[in-house]
Amino acid sequence: MSINTINSQTIKEIPALMGEVDLIKAIQLLPGVKFVAEGSSGISVRGSSPDQNLIQLDEATIYNAGHLMGFFSVFNNDAVSNLQLYKGDLPAEYGGRLASLVDIRMKEGNMKKFHGKGGIGLISSRLMLEGPIVKDKASFMIAGRRTYADLFLKLSSNNTLKNSALYFYDLNAKINYIINGNNHIYLSGYFGSDVFKGGAFKMKWGNTTGTLRWNHIFNKKLFSNFSFVASRFNYALGVPEGNQQAFRWESALTDYNLKGNFTWFLSSNNTLTFGFTSIYHDFFPGVIEGLGENPTFGKYELGDNHALESAFYISNQQTIGSKLTLRYGLRFSVFNNIGPNTVYAYNVEGDPVDSTFYGNNKIYNTYFNFEPRLGLVYQLTETASLKASYTRTAQYIQQAQNSTAGSPLNIWFPASPNIKPQLGNQVSAGYFKNFKEGMFETSVEGYYKTVDHAVDFRDHADLLLNKYLEGEILIGKGWGYGLELMVKKTRGKFTGWISYTWSRSFRQVDGINNNDPYPGSYDRPNDFSIIVSYKVTPTISLGLNWVYLTGQPVTFPVGRYEYGNNIVPVYSERNSYRFPDYHRLDLSFTWRQKERPGKRWRNEINFSVYNAYNRKNPWVINFLNDPDKPNTTYAEMIYLFGIIPSVTYNFSF
Amino acid sequence: MMMKEKISNIKIRNTGFFKMLFLLVPLFILALHSCTERIDIKTDESFQKLAVEGYVTAQIQYVRLTKTSGYFSQEAPEPVREALVTVSDSINIYSFSESADQPGYYTPENTIPTKTGNKYKLTIDLKNKIGGETHFESEEATMPGFSGSIDSIRTIWRGQFDRWIIKLYAYEPPGPDYYMFSAQRNGIWVTDSLSRIGLTDDRLVDGQYLPGIYVLSLYQDELEVGDTVTLFTSSITHDYYRYLDEARQELAPKAPLFSGPPANVRSNISNGALGYFAVYSSVATTSVIDSSGIWE
């Protein structure tokens, strides 16, 4: 129910922006999932905000899934084996986010043979190697990527651009070791970084993760997995010492997570899953400090903030007769704020009026929630089934982000005495039917969801480096509903899917829009995608995708007045207008060399065109004063991409 | 594919001490990939309210009343005439009279004394209703004062930004303070609009000596060596700071990466009127541009 699985081969066949195969962009083509802005690797699932998605790579949370301001995701497709998307209906094992779980697993190295693949594209090159360390016992996989788009900056006639750099690189590695039939160890890690330089100014950000997993089989009936996972997202920017206005600005979020998960095959009809998870969060919202002998400003530091997010869960999957399968479980989640920290009390305007200091290691605030997870599958015939589910989830940490697309300057903040955890409820039901022995898979699914204590921000909120961030937060509620249709063809010359989603999402927050409900930022009622791959010959295939979305809801100016020789806009109700509808066609052509006896090396060339008919989809619409005509205002849209052709050479051995 | 002029929109001139720095980033991205195009947008034109622009400072004292118009009306604002305008401090009430040659502009019949700590309030009574109302009042505003001390200013040319930069050397007093910076060249205003003034809080410099921080920037053709530059350091209230900051956020182009949703700018006038009645005090500091600053 509400689950989609995609493997890396399918992802590879979808035409991609600048030829960069991207699994987050592939997810955006699934029913119920939308991009948050053109070209962005942020996702909105069933109308959610992007921070309500739990994106995990080998169980490690990825706090910022975007490279190059979000235009590319941090996931190197060559290093990924598959991904599963749970749209709100999370298994009891998972929690902490309201909208979805994107569970991405890194590829495990081949236990028998050494293999590799790689590619050279317009903006990046990559290489993945895998093979046995000890045959049939231990293997490795290592993959790296580096972009070189910034080399083109050197060709620019603009001096500022010429002296700039903008690139990312990342590295994935995984080792897996079979100790014996009952014990299996996996060690994996990801390291990625983006770098931007403009003159003396430099900015760096990235994720680092590490996962150690021990898979232990107690006996034929009891399996277990224990994991220790660390994850860190940080950014640093500044102008180094020795320059004018030298400063540094740093911020980070670090998690340590311990997990134990057990699967007990109680009987042929009952499979019990239970376990625990505990995450220690270390939020470091930031410091800014002037550098040098005569710094132009002093030091402004926001202290670390610590929290423990834990859960115990138990869930049973029970088959009753030959037709009915039930899944019922309960997750009990606990959240502790841990000192040292200063907690401010705020008045209704959000100004601090009092403060309380809590000492070292003191647990000064605790929240807990019971999160039931229920599901049923009723097999109508061999090829048709009805499914239904109810899920309640709690979210204890969220992002201070007011914009639609999001920047690398991420700040995550925890629930606290001032901020209650966000609570989500979702009911969904669907009908699933396969035709022609599984060649066609079809589904219809409907959902209704609510969010209590939804976090929003005051008008003109100041979210960066603000000691009084919690004063900028307003609490309200959200709700949404939708219908998702999908037809998928899994075999034959033509493969692919067509999906259509009709959905709405709303919010009501006291202090925003005169306390009236308004459409959420990701409310796009009609969403249609068609993704087709056509194998012309065994060596040539063509790809096509076309997407259509209702325009993004926006707030436009309806009036104006003069102040200080400027025209100040007066706005409509929140999100009461829309951008023009979004649509785009992408095409690809792939030639892949035949398998040749005795030769492992295979070449592949891919040509792709993004936005083939050059649709100008607005990224933003600005309302501006005409500098040459004092009383004249005009609307100007910025669109990001015209037709973007690209070519990529790939190889494998 | 290149986008016109986005780089020149880097607003080093107006933003806080550090906000400006990260604005660079999306602009670079935009410069690489994006294009701009004017488009037609139809919005509701029926909106109408009273708009107020009022000042009581040692240098300027006037109130301007206009009607708001549809966003794309493309005409000068319609003045509101024949209103009864008064400002009270805690002791006296000062009557304003409408200027004969500038309709909608009202000035006090007697100069209003400005003193730190005095409380001022604006009252407006209209002849005809606007937005269903005839009576409007501002919130009471306390005249702020500057308790630090200014050493000097220096104006230098920064080729890197293609701008003249005014640097301030001063003691910033402890406690939260809010500043507006504006400048004159040889006695004539150069920062003649909201988008040209400098605006900052003292979050990063509270209670410190300011060793020549950048407070204002001006275009190349606005100054030359030998000019006398006067910097006005104005202490403003927290609420007026927020008003100016919000207005400037709404005047600046937005980018989905950083900008929050558009939102109306606050007002300190009652009954649905827009705009602001501001009281503040300014310190003027003067220096002559010498050629030594050009090479920095």
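Author: Strand 42 (residues 633–639) of chain A pairs with strand 1 of chain B in the antiparallel sense, over five bridges. This is a predicted model, where local features need pLDDT of at least 70 and side-chain atom pairs count only at pLDDT 80 or more, while totals for chains, interfaces and linings use all residues. Residues are numbered from 1 along each chain as its sequence is written, and chains are lettered from A and ligands numbered from 1 in the order in which they are written.

Reader: What makes strand 42 of chain A and strand 1 of chain B a pair?
Author: Two strands pair if DSSP finds at least two bridges between them. These have five bridges, so they count as paired. In that pairing, Ile638(A) sits opposite Thr36(B).

Reader: Why is strand 12 of chain B called an edge strand?
Author: Strand 12 (149–158) pairs on one side only, and so does strand 17 (209–219) of chain B. The open sheet runs in the order 12-13-17, with antiparallel pairing. Strands here are DSSP runs of E, at least two residues, and helices are runs of H or I, at least four, numbered from the N terminus.

Reader: How do you know that chain B touches chain A?
Author: Residues are in contact if their C-beta atoms, placed from the backbone, lie within 7 Å. By that rule, 69 residues of chain B contact 69 residues of chain A. Helix 1 of chain B gives the largest share of chain B's side, ten residues.

Terms used: Contact = placed C-beta atoms within 7 Å.
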